[in-house]
Amino acid sequence: MENKADIPTLAEMTARGEKPEVLFWVGCAGSFDDRAKKITKAFVKLLQQAGVAFAVLGTEESCTGDPAKRAGNEFLFQMQAATNIQVLNGYGVETIVTTCPHCFNTLKNEYPGLGGTYKVVHHTKFLQELLKAGRIKLEGGTFRGKRITYHDPCYLGRANGIYEAPRELIRKLDAELVEMKSCRQKGLCCGAGGAQMFKEPEKGDKDINIERTEQALDTEPEVIAAACPFCNTMLSDGVKGKEKEQQTRVLDLAELLAQAADL
């Protein structure tokens, strides 16, 4: 997002008397983590190619409170949520799209009880809808015939039952989708959920992200597809630990589609 002029904030759009089709909730990872910023940029390119009128909150966006809640600090979570809900309701936000399953789950399932009810869509589902509507064109055969395995993020899969949209995106790339032994409802956590991302693992025989990476590498993939910035980090670390970076890349589905569309 080198050119900020292309991405209006909701404040700027509202001042012009315009209303966006969707609010893009960038999330902490997508805003501050160098690796996740690439996912944000790829998704923005796809939104722009599709002609979606979208806005971001910019400095008005704060953490959804997911890590605080999962770590047991309900008070901090409610404070963070109340601040965000006040901003969102103040703008009359109706539809939110986000690249993070943690933000997605919290905004969709936790906020209504605190006075914030919105249509919340994960970016895999949103991209699937844009493809169906013909608003995104996948010209390049970048991933045609390549072996891609998909890791189900916990908060997308088991928590919200979204399994098909990400897989359909991979099929649209004309790639060969190969499933891990633990997938869909039996998917295995990457090890970063529940605020575990921000602490060292407890003592044990093996880190869970290594176990999951081994399952992924067993499918002999050229790409491990992820749909969550946390999962992306954990699987990338696992691939590095196995010294397989040359053979296997870890990419978000937005990155896969952006590359396939030559964006």
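R184 counts as partly exposed at 24% relative accessibility (buried means under 20% relative accessible area, exposed over 50%, and partly exposed in between, with a 1.4 Å probe and protein chains only). R184 sits in the loop between β6 and α9 (208-217), and its phi is near 50°, a positive value in a residue other than glycine. Helices (H or I, at least four residues) and strands (E, at least two) are DSSP runs numbered from the N terminus.

D174 also has a positive phi without being glycine, here near 60°. With 42% relative accessibility, D174 counts as partly exposed.

## Basis of the model

The model is predicted: local features need pLDDT of at least 70, side-chain atom pairs count only at pLDDT 80 or more, and totals for chains, interfaces and linings use all residues. Residues are numbered from 1 along each chain as its sequence is written, and side-chain values use heavy atoms, with hydrogens and water left out.

## The sheet β2-β1-β3-β4

An open sheet of four strands runs in the order β2-β1-β3-β4, with parallel pairing (two strands pair if DSSP finds at least two bridges between them). The edges are β2 (54-55) and β4 (119-122); each has a single partner strand, so one side of each lacks a neighbour in the sheet. Four bridges link β3 (residues 95-98) to β4 in the parallel sense, and the bridge partner of I96 in β4 is V120.

Helix α6 (residues 101-110) packs on this sheet, where it touches β1 (22-25), β3 and β4, and its direction makes about 160° with that of β4. Axes are lines fitted to C-alpha atoms, for helices over the stretch in contact, and angles run from 0 to 180 degrees between N-to-C directions. Helix α7 (residues 123-132) lies across β1, β3 and β4 and runs at about 85° to β4.

## The sheet β6-β5-β7-β8

A four-stranded open sheet has the order β6-β5-β7-β8, and its pairing is parallel. Its edges are β6 (176-177) and β8 (249-252), each with a single partner strand, so one side of each is left without a neighbour in the sheet. Strand β7 (residues 223-226) pairs with β8 over four bridges in the parallel sense. A225 stands opposite L251 of β8.

## N232 in helix α10

N232 belongs to helix α10 (residues 229-241). With a relative accessible area of 0%, N232 is buried. Neighbours within four places in sequence aside, N232 is in contact (heavy atoms within 4.5 Å) with R35, I39, A226, V250, L251, D252 and E255.

## Packing of α7 on α8

Two packed helices are described by the angle between their axes and the distance between the axes. For α7 and α8, the axes come within 8 Å and cross at roughly 45°. The two helices are therefore oblique to each other (angles under 35 degrees count as roughly parallel, over 145 as roughly antiparallel, 65 to 115 as roughly perpendicular and the rest as oblique). The crossing of α7 past α8 is left-handed, meaning that the near helix is turned anticlockwise from the far one by less than a right angle.

On the α7 side the contact is made by T124, K125, L127, Q128, L131 and K132, and on the α8 side by A165, P166, E168, L169 and K172. These residues divide into five nonpolar, two polar and four charged. Ala, Val, Leu, Ile, Met, Phe, Trp, Tyr, Cys and Pro count as nonpolar, Asp, Glu, Lys and Arg as charged, and the others, Gly among them, as polar.
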